[in-house]
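Here are my notes for you to read beside the model. Take them one point at a time and find each residue as you go.

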Amino acid sequence: MSISITLRNKSIHSEMNKTIAITTSSFAKYDKTPLLNLTKAGIAYSLNPYGRKLTAEEVVELAKDVDGLIAGTESLNEIVLSKLHNLKVISRCGVGIDNIDLTEAEKIGVKVLNTPNAPTDAVAELTICMILDLLRHVTTMDRMIRHGTWKKHMGNLLRGKKVGIIGFGRIGQAVARLLLTFGSDIIYCDENIITTSLSATQVSMSELLSSADIITIHVSNTTQGRHIIARQELEQMKKGTWLINTSRGGMVDEKSLLQSLKNKHISGAALDVFESEPYDGSLTQLDNVLLTPHIGSYTIESRIDMEMQATFNLINELKNK
């Protein structure tokens with residue numbers, strides 16, 4: 001497969017004289033400043049021509065001769081990286097870097113950077129949105145009205161609910177701050193000892209699973225590929241628990257979750273991320289699950305912040321190189 005690649009601002013003369021590829025699907029859609037900053041730095045860039053997540057072959061074709069990448073969630077595995085012979089820096093437009101083979105990147109001398117702060121508020125607000133939707137059956141009743149059924153579902157208050165947060169980093173703590181304004185009781189577990197001024201209690205994973213009314217996941221990656229929430233963990237949850245995952249696909253065993261939702265052990269779940277995307281599995285057939293297409297960072301404000309930070313990181317690193 002071959003694709004047409006157009007280098008922008010190629011005529012700019014600068015002491016840097018570098019070229020990069022931008023593989024995210026809609027870079028600078030809402031603000032052109034990041035592209036202007038690249039131009040000012042004398043960096044020629046090519047944009048993703050498809051407007052979607054690139055395949056490994058398309059990444060190689062787009063980026064085979066570049067000095068840098070502003071990357072999205074496409075796979076940058078060992079095979080891909082081994083074919084990008086001039087690559088010096090990968091600037092991830094987002095938090096997660098689990099799509100990048102960090103061992104291979106280090107081996108070939110490629111610096112990997114990300115933008116950990118920009119998506120925090122967007123993901124935290126989406127999490128609260130999902131919790132409220134589940135508790136009040138908003139999406140369920142909307143679907144019913146559209147199909148001609150006027151039926152009221154009794155909901156639940158968020159006030160007074162014990163919310164268990166798995167992973168208490170930037171996003172986990174941002175979720176806690178929002179939940180506290182609703183009067184929720186916050187417990188959390190994290191592999192690290194967390195010092196926080198928030199009114200929240202650190203507990204073991206076992207205690208969190210067995211005592212929380214609502215469980216929300218905010219960890220950055222799985223441990224050696226293991227599901228954080230699988231059949232055993234679902235069985236530890238008390239009957240009627242709600243589960244939310246806006247962190248990473250693969251955190252939840254989707255087959256086990258399907259069974260827990262079917263037998264009503266879990267009252268409801270909301271997933272923004274999946275083991276394989278785009279998702280078209282059996283969870284789509286259930287009414288007590290809310291599904292969104294990996295939109296955690298999809299606010300205009302967060303997107304602009306991420307692109308600005310990713311561009312800043314890349315320009316500075318290429319200057320150092």
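**Notes on the model**

1. Let us start at the surface. K264 is exposed, with a relative accessible area of 51%; on this scale buried means under 20%, exposed means over 50%, and partly exposed is in between, using a 1.4 Å probe and protein chains only. K264 lies in the loop between helix 10 (254-262) and strand 11. Helices (H or I, at least four residues) and strands (E, at least two) are DSSP runs, numbered from the N terminus. The phi angle of K264 is near 65 degrees, a positive value in a residue other than glycine.

2. A word on the source. This is a predicted model, in which local features need pLDDT of at least 70 and side-chain atom pairs count only at pLDDT 80 or more, while totals for chains, interfaces and linings use all residues. Residues are numbered from 1 along each chain as its sequence is written, and side-chain values use heavy atoms, leaving out hydrogens and water.

3. H294 also has a positive phi, near 55 degrees, and is a residue other than glycine. Look for H294 in the loop between strand 12 and helix 11 (300-320). H294 is partly exposed, with a relative accessible area of 31%.

4. Now for the rings: the structure holds two aromatic pairs. Rings of Phe, Tyr and Trp (its six-membered ring) pair if their centres lie within 6.5 Å; planes under 30 degrees apart count as stacked, over 60 as edge-to-face and the rest as tilted. F168 and Y188 form a stacked pair, 3.8 Å centre to centre with 10 degrees between the planes. This pair links distant parts of the chain, 20 residues apart: F168 is in the loop between strand 6 (162-166) and helix 7 (170-181), and Y188 is in strand 7 (residues 185-189). Both F168 and Y188 are buried.

5. The pair of F274 and Y279 is stacked too, at 4.6 Å centre to centre and 15 degrees between the planes. F274 counts as buried because its relative accessible area is 7%.

6. Which bond joins E277 and P278? A cis peptide bond, with omega about 0 degrees. P278 lies in the loop between strand 11 and strand 12.

7. Next, please visit K161, in the loop between helix 6 and strand 6. Is K161 buried or exposed? K161 counts as buried because its relative accessibility is 16%. Leaving aside residues up to four places away in sequence, K161 touches N156, S184, D185, D213, I214 and W242; contact means heavy atoms within 4.5 Å. K161 and I214 are 53 residues apart in sequence, and their C-alpha atoms are 7.3 Å apart in space.

8. Finally, the second largest pocket has a volume of about 280 Å³. Its lining has 15 residues, of which H137, T140, S267, D287 and N288 lie nearest the centre. Helix 5 (120-136), helix 6 (138-146), strand 11 (266-271) and strand 12 (289-291) are the elements that give two or more residues to this lining, and helix 6 gives the most, with three. A pocket, on a 1 Å grid over the protein atoms alone, is an open set of points where a 1.4 Å probe fits, with protein on both sides within 12 Å along at least five of seven lines; lining residues have an atom within 4 Å of a point. The volume is the space filled by probe spheres set on the points, which are joined across faces, edges and corners.
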